Amino acid sequence: ILSNLLPENHLLLSSSKRVRALILEEIAIDDDDNQRESRYLQEALELHLSSLELCRRYFGEMNVQTAKHYGNLGRLYQSMKRFSEAEKMHVKAIEIKEKLLGEEDYEVALSVGHLASLYNYDLMQYAKAEELYLKSISIGTKLFGASYSGLEYDYRGLMRMYRHSGNIARVLEYHNILMNWFTLRERHQAASIDSNLLGKQDVALELDECVQIFLCSTRLVEDEVESSSSSTTDSDESSQSSVIEVQTDDQRSDC
């Protein structure tokens, strides 16, 4: 729809192309037919490259959005088993993000984790993978604490890496760290649930207080109306008596 409504170089097309490319990549990975997989991945690549070009045209090379596009390309090249190109894309994404955001930003940790995954699962360069996983863990823990959800991927990556390199002691070490992480996550989630329940109770109490105030206000208004009606009735009777007296006096005068 956007392609029909907008010029081919419009910025809005960059996001739609990126999303479509990511969807095609997921479809390709799950497809058992090699020809379809190759076709989907090639279409995804064309969309990613076009999206990147639009982003660079509008935002320039040194931009976080541009860096994200490089990261997307890196993961796609991994899926296409073009590992050298994947490495270049991940490195470029990290370099841009570190210059713009600093070395200990969440976005940097994401890109570092992606490059670690490439070294671990595809290139078997375990020393490089270990360094990057530890860096990602350090950033995530510093920013979000020991129960941060993203740490699971790094811990599992390290366990896999140590297992393939024959370092069983480190596998057991990070297995224990991962089990401790699960415990922390359960506590964190339980605390979040308790907090939500307390919040709902507070809302219920506030609502009850509002109802009570409304009822009290209603009673006060009713009392004032009744009081006003009573005084008005007395005043009307007095006024009617005065009118009669005045009329009698007038009649007497006319006589």
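Visitor: What makes H6 and H7 partners in contact?
Guide: In this predicted model, contact requires heavy atoms within 4.5 Å. Residues of H6 including Val 108, Val 112, Leu 115 and Tyr 119 meet residues of H7, among them Leu 132, Tyr 133, Ile 139 and Phe 144.

Visitor: Why are H6 and H7 called roughly antiparallel?
Guide: Their axes cross at roughly 155° and come within 8 Å. Angles over 145 degrees count as roughly antiparallel, and H6 (residues 106-122) and H7 (residues 126-144) are therefore described in that way. The crossing of H6 past H7 is left-handed.

Visitor: How do you know how H4 is oriented to H5?
Guide: H4 and H5 (residues 83-101) pack at an angle of about 160°, their axes being 8 Å apart. Because that angle is over 145 degrees, H4 is roughly antiparallel to H5. H4, too, passes its partner H5 in a left-handed crossing. Tyr 70, Leu 73 and Tyr 77 are among the H4 residues that meet H5, where Met 89, Ile 96 and Leu 100 are among those met.

Visitor: What makes Asn 63 a cap of H4?
Guide: A side-chain oxygen of Asn 63 is 2.8 Å from the backbone nitrogen of Gln 65, and a polar contact requires such a pair within 3.5 Å.

How values were computed: Residues numbered from 1 in each chain as written. Predicted model: local features only at pLDDT ≥ 70, side-chain atom pairs only at ≥ 80, totals over all residues. Heavy atoms only, no water. Polar contact = N/O pair within 3.5 Å; in protein donor to acceptor, adjacent residues only side chain to side chain. Helix = DSSP H or I, 4+ residues; strand = E, 2+ residues; numbered from the N terminus. Axes fitted to C-alpha atoms, helices over the stretch in contact; angles between N-to-C directions. Parallel < 35°, antiparallel > 145°, perpendicular 65-115°, else oblique. Left-handed = near helix turned anticlockwise from the far one by under 90°.
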